[in-house]
Amino acid sequence: MEPHILVIDDEPQILRALRTILTAKQFRVTTASRGGEGLTLAAAQQPDLVILDLSLPDMDGVVVCERLREWTQVPIIVLSVRDGERDKVTALDKGADDYLTKPFGIEELLARIRVALKHSAQAQGAPNPVILAGPITIDLARHVVTRDGEEVKLTATEFKLVAYLAGHADRVLTHQAILNNVWGSADIDHTEYLRVYIGQLRKKLEANPDQPRYLLTEPGVGYRLLTDV
Amino acid sequence: MIGPYVFAAAAVALVTGLLWLFRASFSIQVIALIYLLPVVLSARLWGLGPGILGALGAFLCLNYFFLPPYLSFSVSEPQNLVALIVFLVIAVVISQLLGQDMQNLASVTAREREATELYELSVALTGLLDQQSITQILAKKICETFFADKVEVVVNGVPQAVSHACNDDNKLLPPKPDLVAGLASVRGQSGKVHVWRQKVPLSESEKKLLSTFTSQGALALERAGLMQNENRAQVLEESDRLKSALLSSVSHELRTPLSTIKASISSLRSQAISLDPEARRDLEAAIEEETDHLNQLVGNLLDMSRIETGSLKPQRRWNTLAEIAAGVVKKMGQAVQRHRIILDIPASFPLVPVDYVLMEQVFVNLISNSVKYAPPETDVTIRARLQGDQDALVQVINQGPHVPEEYLERIFDKFYRVTAADKITGTGLGLSICKGIIEAHGGRIWAENAPGCFIFNFTLPLTWEGALPQVPKEE
């Protein structure tokens with residue numbers, strides 16, 4: 001059965017476009033134009049993925065996000081015209097899995113949908129101890145990272161960082177979340193640690209550290225490890 | 001006020017005592033002469049009143065102690081009576097002359113002091129244009145000049161400034177001031193000056209001086225109000241001018257990509273036009289490119305309004321310039337395809353404390369400006385170097401045409417464009433936004449013509465609140 005996507009957005013043009021495109025891509029699509037309606041539909045139909053706008057007429061999208069997280073781990077992709085860092089960080093902290101700023105390219109959205117669906121399918125099975133990202137393999141159980149089959153020597157912190165990213169592969173992780181998990185809550189404002197260690201990781205793992213393909217920066221928000229889908 | 005009279009009486013008594021001891025040695029004429037001393041002294045030192053008192057006292061003592069019959073006010077010899085009266089007249093006249101002189105001197109000194117105080121006040125008020133500092137200076141000067149305990153300046157019922165005496169011993173003052181002076185002003189600003197002075201009430205001349213002070217203050221306030229209104233009018237006019245410039249620029253600028261999109265879409269949908277696959281792809285690419293362009297334009301407009309309203313506050317974090325620049329180049333995609341973008345940022349380049357999203361905007365605007373004017377297939381280089389140990393110098397170098405020297409600064413002004421608007425599209429907003437963002441980061445931006453190329457330069461501080469980034473080392 002094709003995956004079921006619930007789109008919550010108050011702009012009819014966006015709803016129409018997404019319904020057409022997603023249906024053509026073999027998804028089953030339900031739409032809601034208000035937050036309350038979206039929550040009811042989510043509870044009644046148990047969709048496989050939610051696409052959520054932040055500006056809704058009856059409530060803030062962030063609240064919808066929080067309410068959904070009270071009872072479900074369904075992947076949530078936020079679509080919003082708000083491009084301030086704070087809005088993105090708030091939405092991600094409140095449980096959104098991903099964030100796309102309007103206007104967005106449809107290829108980008110489809111890629112994010114694929115990734116989110118894959119991870120929610122995996123989450124239901126056993127956790128995968130080996131993460132693959134192009135030439136990079138990250139073996140969380142054995143604490144080994146290889147590139148093109150060769151083991152890469154990482155410092156303890158570097159491994160902790162790449163392991164955290166790999167453990168939440170393909171999801172946007174905020175600076176605060178990474179710092180909190182890798183360095184501890186006292187250091188959540190020290191983004192400079194992240195810049196330096198991500199730089200070191202890219203040098204060791206990426207073919208061209210200046211144009212990373214796997215350890216991606218989410219401008220102003222955080223980082224994401226792109227894995228093979 | 002009693003003091004001088006007591007001193008005068010004491011001087012006469014002292015002279016009387018001394019003379020009584022040596023009364024055998026002096027003739028009556030010498031004694032009378034000596035009595036003039038305390039009189040002259042009193043008049044000179046303490047003024048007219050004590051002088052007259054001294055003269056009368058000397059007259060009585062001379063009569064009582066030294067003119068026969070002694071220890072009596074009666075005078076036996078007529079010539080002594082004449083001498084005594086002459087003495088009195090001389091003593092009184094001398095006192096008067098000296099006393100008046102003293103008074104004149106005192107009033108001249110007082111007037112001089114008033115003039116000085118007033119001059120100091122007007123100097124202090126000159127050039128002040130805001131109500132707060134004017135009232136503050138006024139309160140302070142009044143407090144100093146009148147030795148007041150406390151002075152409060154109230155404008156339109158709101159206390160604006162308070163000044164306490166410098167030797168304030170924290171004594172409790174009554175809520176009601178000892179004196180209220182109006183702060184007269186022509187244009188409806190009703191102000192008041194409240195003065196507390198517990199020791200001595202203000203004299204008439206002090207009140208007069210105070211009213212001169214307050215009218216000076218009122219004039220200054222009036223001037224400030226007028227200037228403010230004029231400024232506001234200027235600002236309004238300027239923002240009106242900007243708004244209409246913005247509207248005309250934006251509507252032109254929005255229509256250009258919209259027409260491309262509309263034309264492409266309608267031909268793609270049209271049954272009448274048959275397109276080969278390559279033409280379709282071109283049209284589709286144009287649509288996407290122009291949509292991105294529109295989006296960038298909207299972003300610039302938002303940034304502009306944030307800069308205008310002063311709400312642009314960089315969310316600084318330690319960032320790597322290379323990452324920001326590379327991200328921008330990747331994001332700009334098709335827009336930079338016709339040029340070679342070269343990133344020349346050393347791998348060891350230090351972290352800079354900047355707002356990632358705003359710096360992206362700076363690079364987007366500088367790069368899109370470069371690719372707009374530089375001929376296709378040329379290089380656009382993004383270079384970062386250290387400038388001293390305090391600043392990073394970032395350059396965006398293109399091989400575009402030079403800009404006449406006299407316009408180099410003006411290209412960062414809003415809506416300023418060197419080329420005619422119909423030749424190359426643009427709102428004239430991009431560079432002024434760069435300027436706003438760089439300056440909000442504490443940097444500087446400028447452009448220069450160099451041999452064979454055109455360079456945008458900007459600096460960024462390497463420290464954040466005076467500190468460099470601290471990253472813990474391991475192993």
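Biologist: What follows helix 1 of chain A?
Modeller: Helix 1 of chain A is followed by Gln26(A), a residue whose phi is positive, near 70°; please keep in mind that this is a predicted model.

Biologist: And how far apart are the end C-alpha atoms of that helix 1 of chain A?
Modeller: They are 18 Å apart, which agrees with the 18 Å that the 13 residues of helix 1 (residues 12–24) of chain A should span at 1.5 Å a residue.

Biologist: Stepping back, how many helices and strands does chain A have?
Modeller: Its secondary structure comes to eight helices and twelve strands. Of the 229 residues of chain A, 39% count as buried, and among contacts in chain A with a separation of 6 or more, 57% are accounted for by residues 24 or more positions apart.

Biologist: Over to chain B, then. What span should helix 6 of chain B have?
Modeller: Helix 6 of chain B covers residues 204–269, and at 1.5 Å a residue its 66 residues should span 98 Å, which agrees with end C-alpha atoms that are 94 Å apart.

Biologist: Which residues of helix 6 of chain B are buried?
Modeller: The buried residues include Leu209(B), Leu210(B), Phe213(B) and Thr214(B), and also Leu246(B), Glu253(B) and Pro257(B).

Biologist: What covers those buried residues of helix 6 of chain B?
Modeller: The cover includes helix 4 (78–125), helix 5 (131–145) and helix 7 (277–308) of chain B, together with strand 3 (179–183) and strand 4 (191–196) of chain B.

Biologist: Which residues is Lys192(B) in contact with, leaving aside neighbours within four places in sequence?
Modeller: Lys192(B) is then in contact with Val154(B), Val180(B), Gly182(B) and Leu183(B). Pro159(B), 33 residues apart from Lys192(B) in sequence, is 9.1 Å apart from it in space, C-alpha to C-alpha.

Biologist: New topic: at what angle do helix 8 and helix 9 of chain B pack?
Modeller: Helix 8 (residues 321–332) and helix 9 (residues 356–373) of chain B pack at an angle of about 55°, with their axes 9 Å apart, and the two helices are therefore oblique to each other. Their crossing is right-handed.

Biologist: Which residues make that contact between helix 8 and helix 9 of chain B?
Modeller: Among them are Ile324(B), Val328(B) and Met332(B) of helix 8 of chain B, with Tyr356(B), Phe363(B) and Ile367(B) of helix 9 of chain B. The residues of this contact divide into nine nonpolar, one polar and one charged.

How values were computed: Residues are numbered from 1 along each chain as its sequence is written. Chains are lettered from A and ligands numbered from 1 in the order in which they are written. This is a predicted model: local features need pLDDT of at least 70, side-chain atom pairs count only at pLDDT 80 or more; totals for chains, interfaces and linings use all residues. Axes are lines fitted to C-alpha atoms, for helices over the stretch in contact, and angles run from 0 to 180 degrees between N-to-C directions. Helices (H or I, at least four residues) and strands (E, at least two) are DSSP runs, numbered from the N terminus. Angles under 35 degrees count as roughly parallel, over 145 as roughly antiparallel, 65 to 115 as roughly perpendicular and the rest as oblique. A crossing is left-handed if the near helix is turned anticlockwise from the far one by less than a right angle, and right-handed if clockwise. Two residues are in contact if their C-beta atoms, placed from the backbone, lie within 7 Å. Ala, Val, Leu, Ile, Met, Phe, Trp, Tyr, Cys and Pro count as nonpolar, Asp, Glu, Lys and Arg as charged, and the others, Gly among them, as polar. The expected span of a helix is 1.5 Å times one less than its number of residues. A residue is buried if 20 or more other C-beta atoms lie within 10 Å of its own, exposed if 12 or fewer, and partly exposed in between; C-beta atoms are placed from the backbone.
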